[in-house]
Amino acid sequence: MTTIAWQERSGEIRLGLPADLDLALAPPLILNLRRGFTVGDGIEVDGSAVEYVSTACIQALVAASRHAESSGQRFAVTSPSRVLTAACSDLGLDGWLRQWSGREWGRPQWSRT
Amino acid sequence: MAVEGSRVDNLGQFKQTYFDECAELLAIAEAGLLRLAPGTFDLEEVNTVFRAVHSIKGGAGAFGFSDLVTFAHEYEAVMDAIRAHTVPVSYGLVEALIHANDALGRLIDHARAGTAPPPDLIAAAVTALRADSGHGLPAAVIASGRAPAVASTAAAPESPRRSFALRFEPNPDLLLSGNEPSFMFRALARLGKLELGCQFDALPALTELDGEKLYLKWAGTLQTAASLAEIEEVFEFVADDSVIEITPLAAGGAPAAAVPAPATPMRSAAPGTVAPPGPPAKPPGPPVLYGSRDEPPATPVQAETGEPVQAASGGQSIRVDLDKVERLVNLVGEMVITQSMIAEHLRHLPPGQHREMLTGLEQLTQHTRDLRECVMAIRAQPVGSVFQRIPRLVRELSAETGKDVVLVTSGEHTEVDKTVVENLIDPLTHMIRNAVAHGFEPPDEREALGKPRTGTLHLSARHRSGRIVIEVADDGRGIDRRRVLERAVERGLVPPGVQPGDAEVDDLIFLPGFTTSEMVSSLSGRGVGMDVVRRNVVALGGRIGVHSIPGEGTRFVLSLPLTLAVLDGMVVSVGAERFVVPITNIVESLRPRPADLRRLVNLCDVIQFRGQFVRLARLHRLFDIPDAVEDPTRALVVVVEAEDGAQLGVLVDDIQGQQQVVIKSLEPNFRRITGVAAATILGDGRVALILDVAGVHELSRRAGPGGGRLAVEPPSQTEAAA
């Protein structure tokens, strides 16, 4: 089942990414991200299960990070899988992933508030 | 077995398509090479040539044409070295590349015929290429007697690593076509050390984001031993609609200093694909300049703006067997005749009855006309396909004669029927040869006359009065009328003591053995062949005229029908005969009053028409037709205009009506008749002659005041000679 797991936890939204994040998953991912920022204070995206990711879905995550930055809401990509990390690296987004996954600091990096 | 047979058929079909594409690609490559010159050059031109050769090589590899692959690789390697700026462009190299292009064409011919190429064919071209480019080619190519085959092109381990700056701005819809940038970058990373940065500046807000579109862009550097071609191959499937820049960097990271970085992004058609042809119809554009010897422009430029010429953007197209189009054209021709026959029958119905049928006929007529235009548009081709051969011809002639010539072309997009295009090549070649060999003075002589050392040759095409008019104009010495007349007298073509007018003397050059100069060279031979030019043009239903001003130059004007199949005409009657006047020539029809008619003493009859006098041509006298209306005030005058603007009043008994007619050439079955362009079959089954307005004008001029010449006249001197 390629579904995006939605969890609300004390005002914050946790999105569990599915294994297969192909192009078709980009529109629903964007809808979830938009809704998350609307109903919650911030979004934590769990990328641990990702086994395939399209550029479209990574682009959606980048757009979400820029939204968080401009709106002052929280955003993080937690536990990115090896595949997700490699894909970001291929796309020249390893710096972005480091910033938003908190790997550089050993914990999820929330946007500046 | 059936399946096997089908596979063989398919392979043959694919091969045929491949060879057809090869012809186009060779022409593209040659056009690009002719614009290549030392100094600054347009990298996109080099890319175009490279891609053309690369595509030929790719197909050759697929079909197992190993000689073709070998040689194309050698050729391609030189183009790759040029665009990587490791081989400087010299005139010698351009010549060698042009010959390599020819050699490639011959190899393709051998592959098509299934014959082995002569052993020295490849060797000679390769030797020439290496003589001019050897020091800049990759070592593997230089060292090997035969270049590596396609599969091993990536292998060049001893090649030094080079740095390239990369920029990739994908089309927003790139993802929808199944392409995935991360895979492409992974492939790039396998070629060397890739450092890539992602740019978000075009990324919309999350609330505006379309999940299936791609907004990210990338820029970075690649250190690699791979060739530019190998890097481009990574972008092979996205090159059509994405912006891709691959710029070689010097050691310090700056763009390679020897030549400027590309001014425009490489919007490349992917290697291995054929760029679709340009849009079917475009208005004639501003002229394009081509240099020939000393200072050729790096790229063709718009003569008016100096801006580089942009390649025509492509539309979608399919290949259709020409026979199928021919069948379609013939069927439309038959349909036009049938429609005329129905119209003829319905014309005799009692007035006011069968209205639905008459309305239906009107619609049928309109649809037939639309269908005819659509079908003819399929056969229409821009004359650019002929024009693109001319720069090379001028270049060669210029080199051989030592004359500096710049070619300026305009109207390449002017469209004309395929048959006409094909038949234009020989006349144009003759005229260009004639102009360069005899029209232009040598540079020193030009300088002494106060002219620029470099001569200018204008080649233009345009539509006028439903015909295509092509002009070849030089700014050379003009026709030496004294010598031409002397020669005509020597040959007994002009009686001694007679002094023809300038135009008539100029016209003599279309006789066999005449030339605009008495100079004889290997280029033009004796007599240059203007007689052949006129014969070919006339055979196409066209005309050729010459206008010359001593010391200033000569201008040849060629007028040809746009199509050789169908035309809109006005059917007129003269006695019991019917003629068709092409609608495009008709200005007005009128019944003159007695006061409108004049006879110029010993000259001709004229009619006063809108404040000017127009020569009156009595068709029944010119064509010896009995029982026609003699009195113009009881007949009708159709005022017509020829392509050169000359007007003529054609006296006819009556106008029968307008209709499309199918052109049936007279020459194959009878012979050429002055004043008659062709024949047609009318709806009632009668044969009618289609008038050639300029020919009627000429006939009327020669007939004099009495106007009594026979239609099937003794050929004039010019025609007899032709």
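Author: A:Ser79 counts as partly exposed because its relative accessibility is 47%. The model is predicted, and every value here is computed from it. A:Ser79 sits in the loop that joins strand S6 (74–78) to helix H3 (82–90) of chain A. The backbone is the point of interest: A:Ser79 has a positive phi of about 45°, although the residue is not a glycine. Most residues other than glycine have a negative phi. A second case of this kind is found in chain B, where B:Asp624, also not a glycine, has a positive phi of about 55°. B:Asp624 belongs to the loop between helix H18 (619–622) and strand S20 (636–641) of chain B.

Chain A contains 4 helices and 6 strands, which follow one another along the sequence as β-β-β-α-β-β-α-β-α-α. The chain has 113 residues, and 52% of them count as buried. Among contacts in chain A with a separation of 6 or more, 70% are between residues 24 or more positions apart.

Chain A meets chain B through 23 of its own residues, which are in contact with 26 residues of chain B. The two chains bury about 2000 Å² between them, and carbon and sulfur atoms account for 65% of that area. Polar links are also present: 9 residue pairs across the interface are in polar contact, with both partners at pLDDT 80 or more. On the side of chain A that touches chain B, the elements that give two or more residues are helix H1 (26–39) and H2 of chain A. H2(A) gives the most to that side, with 9 residues. Sorted by class, this side of chain A has 15 nonpolar, 5 polar and 3 charged residues.

The interface count is 1 salt bridge between chain A and chain B. It joins the side chains of A:Asp90 and B:Arg186, with N and O 2.5 Å apart. Side chains of opposite charge can pair when their charged atoms come close.

The packing of nonpolar side chains comes next. The largest nonpolar core has 61 residues, and A:Leu33, A:Phe75 and B:Phe235 have the most contacts inside it. Helix H2 (residues 55–71) of chain A gives the most to this core, namely 9 residues. B:Phe235, apart from its neighbours within four places in sequence, contacts B:Phe168, B:Met184, B:Leu188, B:Ile244 and B:Ile246. A separate second core has 48 residues, among them B:Leu26, B:Phe65, B:Leu93 and B:Val94.

B:Ile231 lies in helix H8 (residues 228–234) of chain B. B:Ile231 has 0% relative accessibility and therefore counts as buried. Beyond residues up to four places away in sequence, B:Ile231 touches B:Phe164, B:Leu166, B:Leu188, B:Leu191, B:Leu222, B:Thr224 and B:Ile246. One of these, B:Leu188, is 43 residues from B:Ile231 along the chain, with 7.0 Å between their C-alpha atoms.

Over all chains, the count of salt bridges comes to 33. B:Glu441 and B:Arg446 meet through their side chains at 3.0 Å, N to O. B:Glu441 is buried, because its relative accessible area is 2%, and B:Arg446 is buried as well, at 1%.

B:Arg555 and B:Glu471 form another salt bridge, at 3.2 Å from N to O. This pair links distant parts of the chain, since B:Arg555 is in strand S13 (residues 553–561) of chain B and B:Glu471 is in strand S11 (residues 467–474), 84 residues apart. B:Arg555 is partly exposed at a relative accessible area of 31%, whereas B:Glu471 counts as buried at 14%.

B:Lys193 forms a salt bridge with B:Glu195, and their closest N and O atoms are 3.5 Å apart. Here B:Lys193 is partly exposed, with a relative accessible area of 46%, and B:Glu195 is likewise partly exposed, at 44%. Finally, salt bridges also link B:Glu30, B:Asp102, B:Arg392 and B:Glu396 in a network.

Definitions and conventions
Residues numbered from 1 in each chain as written. Chains lettered and ligands numbered in written order. Heavy atoms only, no water. Core = buried A, V, L, I, M, F, W, Y, C linked by side-chain atoms within 4.5 Å. Buried < 20%, exposed > 50% of the residue type's maximum accessible area, 1.4 Å probe, protein only. Contact = heavy atoms within 4.5 Å. Buried area = accessible area lost by both parts, 1.4 Å probe. Salt bridge = Lys/Arg side-chain N within 4 Å of Asp/Glu carboxyl O. Polar contact = N/O pair within 3.5 Å; in protein donor to acceptor, adjacent residues only side chain to side chain. Nonpolar A, V, L, I, M, F, W, Y, C, P; charged D, E, K, R; others polar.
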